[in-house]
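Hi,

Here is the structure I promised to pass on.

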Amino acid sequence: MENLQARFDAVGVWLELIDLSLLAALCVVAAGVCWDMARKRWGPLREKLANIAVAIGNTLLERTLYGAVFLIALWLVEPLALWRIPINGWTWALALLAADLSYYWMHRIEHKVRIFWTIHSVHHSSERFDFSTSLRLSWLEGPVEWIFLVPMMLLGFDLAQTMVAFLAVVAYQSWVHTEKVGTLGWLDRVFNTPSAHRVHHGSHHPYLDKNFGGVLMLWDRLFGTYQAEISPVRYGLTEPLASRNPFVVVFHEAAALYSDCRAALSWRDRLQFLIKPPGWKPDSHAHTDH
């Protein structure tokens with residue numbers, strides 16, 4: 001573990017830059033809260049406060065238990081790597097590209113497999129879309145998302161490099177949660193921009209399950225999930241969540257999944273509730289989009 005600490009120390013400057021970018025995003029959120037209070041915009045203010053409450057719980061867990069789970073799990077995977085990829089300028093570019101591809105598939109699976117959707121749906125449950133929405137992340141993501149970095153580790157990327165690349169992809173997305181930036185022409189087709197990400201948060205066709213990319217739209221265009229913003233977006237879930245209670249926000253979909261599994265008539269149906277897309281029903285063995 002001492003060697004691991006030294007490796008993280010070597011990439012410390014990049015971790016500091018990521019922390020600074022997140023701090024800047026928090027400052028923007030705080031400014032939005034002050035603006036809503038000054039203008040007495042109580043609806044948006046309550047939504048921001050709910051997002052902040054969810055974020056506080058998530059941050060406390062990530063800085064303690066979840067950070068250790070993430071790190072130790074990947075540390076145990078590292079000896080299984082096929083080879084070792086050295087850390088240099090070229091491999092940093094490759095690591096960022098690989099982390100973005102890993103994020104794409106993680107994100108897509110989170111939408112298409114219900115047990116993962118119970119976690120990720122927290123981020124989509126708000127009917128408003130602003131910088132504070134980026135903070136609305138489930139308290140259950142930490143123990144799960146390390147799984148999607150295992151392929152990078154098996155290919156031989158260094159653990160510290162893998163973590164930094166993945167965190168950079170996540171940090172990039174703070175700025176795309178806004179309606180203040182309109183369409184940006186060709187940039188919307190290449191990068192994850194506010195326009196591209198508004199589409200991703202849409203709860204209606206043709207926007208459902210589109211634009212999963214973290215930084216690049218390359219993967220969406222390659223795998224057929226890209227959609228341009230062509231009309232106003234309706235945010236939230238297909239079945240709106242009325243509560244702003246952070247515990248309801250975090251656990252409502254998990255409770256619904258538990259209820260469905262408990263009412264299922266067979267273990268086969270229970271298994272399919274876990275692995276089928278959201279909305280799947282055993283009576284018709286068909287599903288609707290979430």
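Below is what turned up, starting with a few ground rules.

This is a predicted model, so local features need pLDDT of at least 70 and side-chain atom pairs count only at pLDDT 80 or more, while totals for chains, interfaces and linings use all residues. Residues are numbered from 1 along each chain as its sequence is written, and side-chain values use heavy atoms, with hydrogens and water left out.

Let's start with the salt bridges (a side-chain nitrogen of Lys or Arg within 4 Å of a carboxyl oxygen of Asp or Glu). The structure has 11 of them. In one, Asp158 pairs with Arg7, with 2.9 Å between the closest N and O atoms. Asp158 sits in the loop between α7 (150–155) and α8 (159–172) and Arg7 in helix α1 (residues 2–10), so this pair ties together parts that are 151 residues apart in sequence. Helices here are DSSP runs of H or I with at least four residues, numbered from the N terminus. Asp158 is buried at 13% relative accessible area, and Arg7 is buried too, at 19%. For burial, the cut-offs are under 20% relative accessible area for buried, over 50% for exposed, and partly exposed in between (1.4 Å probe, protein chains only).

Next, look around Glu229. Its side chain forms a salt bridge with Arg198 (3.0 Å, N to O). Arg198 lies in helix α10 and Glu229 in the loop between α11 (218–223) and α12 (246–263), so the two tie together parts 31 residues apart in sequence. Arg198 is buried at 5%, whereas Glu229 counts as partly exposed at 23%. Ser195, also in helix α10 (residues 194–200), makes a side-chain polar contact with the side chain of Glu229 at 2.6 Å. A polar contact is a pair of N or O atoms within 3.5 Å; within protein, one must be able to donate a hydrogen and the other to accept it, and residues adjacent in sequence count only if both atoms are side-chain atoms. Ser195 is buried, with 3% relative accessibility.

Last, a helix pair. The axes of α4 (residues 89–112) and α5 (residues 114–124) come within 6 Å and cross at roughly 100°. That makes α4 roughly perpendicular to α5, a label for angles of 65 to 115 degrees. Axes are lines fitted to C-alpha atoms, for helices over the stretch in contact, with angles running from 0 to 180 degrees between N-to-C directions; contact means heavy atoms within 4.5 Å.

Cheers

How values were computed: Angles under 35 degrees count as roughly parallel, over 145 as roughly antiparallel, 65 to 115 as roughly perpendicular and the rest as oblique.
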